Amino acid sequence: MEDSLEYKQQLMERYKQMVVPLLKYLPWLEKNAGQSASHYYEDPEFGEHAMTIPVYDSNLMSFVKEAANSPLMDRNYPYVYTRNHIRTHEDERRIITRAGVKEWDILRGILSKYVLGGRTKSALWSQGVQENIFYLVLRQMVQIIEYWDQPLNIG
């Protein structure tokens, strides 16, 4: 059944519905790759002993909110990391660039780590942009869909 053309078309249609809403962030993610998407707010009135508060780029926060509510999220992402021996950003990038349709769930797990994990460790959101993880995952998902289906219109 997995080899049938009809099955693959249905699968790609489902994947498209998951990914297309996030593609509007692709140009921003590409432009900001390697840069920090946050800074710390410091009020000069309170001096050097005041607590600093991280301030995140509005595009990043919109992306995170939309991604968190998408079916791409996998709450069991730690198992993806354990099962595939992913320990470093280099491991993540290597797996992302080699991923095909059979590794779709691995891509979901990597994306989920940065989106869902950022809820408790917010530095992950900025790290996802800085380490180019968000961009690479979305780009690879687009390439998988386009390989099996037709080109997507990325605006």
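**Helices, rings and buried residues**

Colleague: At roughly what angle do helix α1 (residues 5-19) and helix α8 (residues 133-148) cross?
Modeller: The axes of α1 and α8 come within 10 Å; axes are lines fitted to C-alpha atoms, for helices over the stretch in contact, and angles run from 0 to 180 degrees between N-to-C directions. This is a predicted model, where local features need pLDDT of at least 70, side-chain atom pairs count only at pLDDT 80 or more, and totals for chains, interfaces and linings use all residues. Residues are numbered from 1 along each chain as its sequence is written, and side-chain values use heavy atoms, with hydrogens and water left out. The two axes cross at roughly 150°.

Colleague: How is α1 oriented to α8, roughly parallel or roughly antiparallel?
Modeller: Angles under 35 degrees count as roughly parallel, over 145 as roughly antiparallel, 65 to 115 as roughly perpendicular and the rest as oblique. The crossing is at roughly 150°, so α1 is to α8 roughly antiparallel.

Colleague: How many residues in the contact of α1 with α8 are charged?
Modeller: Contact means heavy atoms within 4.5 Å, and here Lys8, Met12, Tyr15, Lys16 and Val19 of α1 meet Met141, Val142, Ile144, Ile145 and Trp148 of α8. Ala, Val, Leu, Ile, Met, Phe, Trp, Tyr, Cys and Pro count as nonpolar, Asp, Glu, Lys and Arg as charged, and the others, Gly among them, as polar. The contact has eight nonpolar residues and no polar ones, and the number of charged residues is two.

Colleague: How do α3 and α7 lie to each other, roughly parallel or roughly perpendicular?
Modeller: Helix α3 (residues 58-68) and helix α7 (residues 123-130) have axes 11 Å apart. Leu60, Met61 and Val64 of α3 meet Trp125, Ser126 and Val129 of α7, which gives five nonpolar residues, one polar and no charged. The packing angle is about 105°, and therefore the two helices are roughly perpendicular.

Colleague: What kind of pair do the rings of Tyr147 and Trp148 make, stacked or edge-to-face?
Modeller: Rings of Phe, Tyr and Trp (its six-membered ring) pair if their centres lie within 6.5 Å; planes under 30 degrees apart count as stacked, over 60 as edge-to-face and the rest as tilted. By this rule there are six aromatic pairs. Here the centres are 5.1 Å apart and the planes lie at 85°, so the pair is edge-to-face.

Colleague: What is the relative accessible area of Asp91?
Modeller: Asp91 sits in helix α5 (residues 89-98). Not counting residues up to four places away in sequence, Asp91 touches His85 and Ile86. Asp91 is buried, and its relative accessible area is 16%.

Conventions: Helix = DSSP H or I, 4+ residues; strand = E, 2+ residues; numbered from the N terminus. Buried < 20%, exposed > 50% of the residue type's maximum accessible area, 1.4 Å probe, protein only.
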